[in-house]
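Please open the model in your viewer and keep the sequence panel beside it. The tour below moves from one selection to the next and says what is to be found at each stop.

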Amino acid sequence: MKHSNISVFIPHIGCPHMCSFCDQRTISGAQHAPTGDEVREICRRALGEVREPENTEIAFFGGSFTAIPRDYMLELLEAAQEFLGEGRFRGIRCSTRPDCIDREVLELLKRYGVTAIELGAQSMSDEVLEANERGHTADDVVKACGLIREYGFELGLQMMTGLYKSSPADDMDTAVKIAALRPDTVRIYPVVVLKGTRLAELFYKGEYRPAPFDDMVELCAEIMSLFTEKGIRVIKCGLHASEFVEQDMAAGYYHPAFRELCEAALYRRNMLRILTTELPCKGSAVLAVNSRCISKAVGQKKSNIEYFRKRGYDVSIVGDDSVPVYECKLRR
Ligand code: SF4
């Protein structure tokens, strides 16, 4: 069963903040706030196209859903109602800020069939949150997670890596603290510096210097591995491919297949460990990985095979469903 979303992007309406990295119009690709009728139209069309509506949610993403004007939030939720239930979509998911969660709004969301809430935690360091003008603390994240769980919603957490004043160690620490909150899902967003944001200003002034791209791939690979080991589903790693982002980017870590790069790095690391510890001498080796992951293990343009060839290993990859995702086994 494959879960999918019907995404409705809500621009930066009503959010009282301006985080250092935020240009919601570019990130969501949306400049127009959809009306209730437009939501109905999107859902009607999707219902005719989606193969498994019972595994599909209507997703209000892009801005801070519970921070938009209340009448508008209700208009959108109301519009979604006729598309929920038997033979229609499974529920609604939305993304919002940790300090825009309270009992009153959670009760409303529950009443309107919201099933999952994703919180933009971004960092669990108060210093990093403040430097990036998030306007909330790590403790707000912990409290909001507790309330969301108490009301029985599925919990998603989003974190960013490479933020202004955040070191790789801070990013790892954020990942560890997020994992401890036991979310059902996580999204990992390495920073993308968009023109016109405060982060871009800091970058042009030389006050913010993003680390090398490959280092960020390695770091995100490690973070993905940590979440996966804890049974937390990583539903996104890297911003979704978008022409807006490509046009408006000043610096940072955008790649249309960022997740695949991280997964290839993860396999490379694990394969290297197995080869150096279990193979007495260099030469040919057959490594088994989960059948769904053969292309991830091979890497883009066979980069991993090439990597090992240069180090004296002639590696072949085969599929074996008994091998967990991201792991590999040496075939004797
Ligand atoms: S809270 Fe979200 S919408 Fe508001 S400024 Fe920050 S990133 Fe943008």
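Begin by selecting strand S10 (residues 283–289) together with S11: the two run parallel and are joined by 7 bridges. Within this pair, look for Ser-284, which stands opposite Asp-314 in S11. Two strands are said to pair here if DSSP finds at least two bridges between them, while helices (H or I, at least four residues) and strands (E, at least two) are DSSP runs, numbered from the N terminus.

Before going on, note that this is a predicted model, in which local features need pLDDT of at least 70 and side-chain atom pairs count only at pLDDT 80 or more, whereas totals for chains, interfaces and linings use all residues. Residues are numbered from 1 along each chain as its sequence is written.

Now widen the selection to the open sheet of 3 strands, whose order is S11-S10-S12 and whose pairing is mixed. Its edge strands are S11 (313–319) and S12 (329–331), each of which pairs on one side only. From one strand to the next the twist averages 40°, where axes are lines fitted to C-alpha atoms, for helices over the stretch in contact, and angles run from 0 to 180 degrees between N-to-C directions. Helix H11 packs on this sheet and touches S10, S11 and S12, its direction making about 130° with that of S10; residues are in contact if their C-beta atoms, placed from the backbone, lie within 7 Å.

Which residues of H11 are buried? Among them are Phe-258, Leu-261, Leu-266, Tyr-267 and Met-271, a residue being buried if 20 or more other C-beta atoms lie within 10 Å of its own, exposed if 12 or fewer, and partly exposed in between, with C-beta atoms placed from the backbone.

Then turn to the open sheet of 7 strands, which has the order S1-S2-S3-S4-S5-S6-S8 and parallel pairing. The edge strands, S1 (4–9) and S8 (233–237), each pair on one side only, and the twist averages 20° from one strand to the next. Inside this sheet, select strand S3 (residues 91–96), which is mostly covered, with 5 of its 6 residues buried. Strand S2 (residues 56–61) runs parallel to S3 and is joined to it by 4 bridges, and Glu-57 has Gly-91 in S3 as its bridge partner. A further parallel pair is formed by strand S4 (residues 114–122) and strand S5 (residues 154–161), joined by 6 bridges; here the bridge partner of Gly-120 is Gln-158 in S5.

For a contrast in position, select Arg-44, found in helix H2 (residues 36–49), which counts as exposed because it has 11 C-beta neighbours inside 10 Å. Between Arg-44 and Ile-274 there are 51 Å in space, C-alpha to C-alpha, and the two are 230 residues apart in sequence.

Finally, show the chain as a whole, which is divided into domain 1 (4–256) and domain 2 (277–331), with bounds that come from an automatic or database domain assignment. The C-alpha centres of domain 1 and domain 2 lie 34 Å apart. Along its principal axes the C-alpha trace spans about 70 × 55 × 35 Å, and buried residues make up 41% of the 332 residues.

Note on methods:
Two residues are in contact if their C-beta atoms, placed from the backbone, lie within 7 Å.
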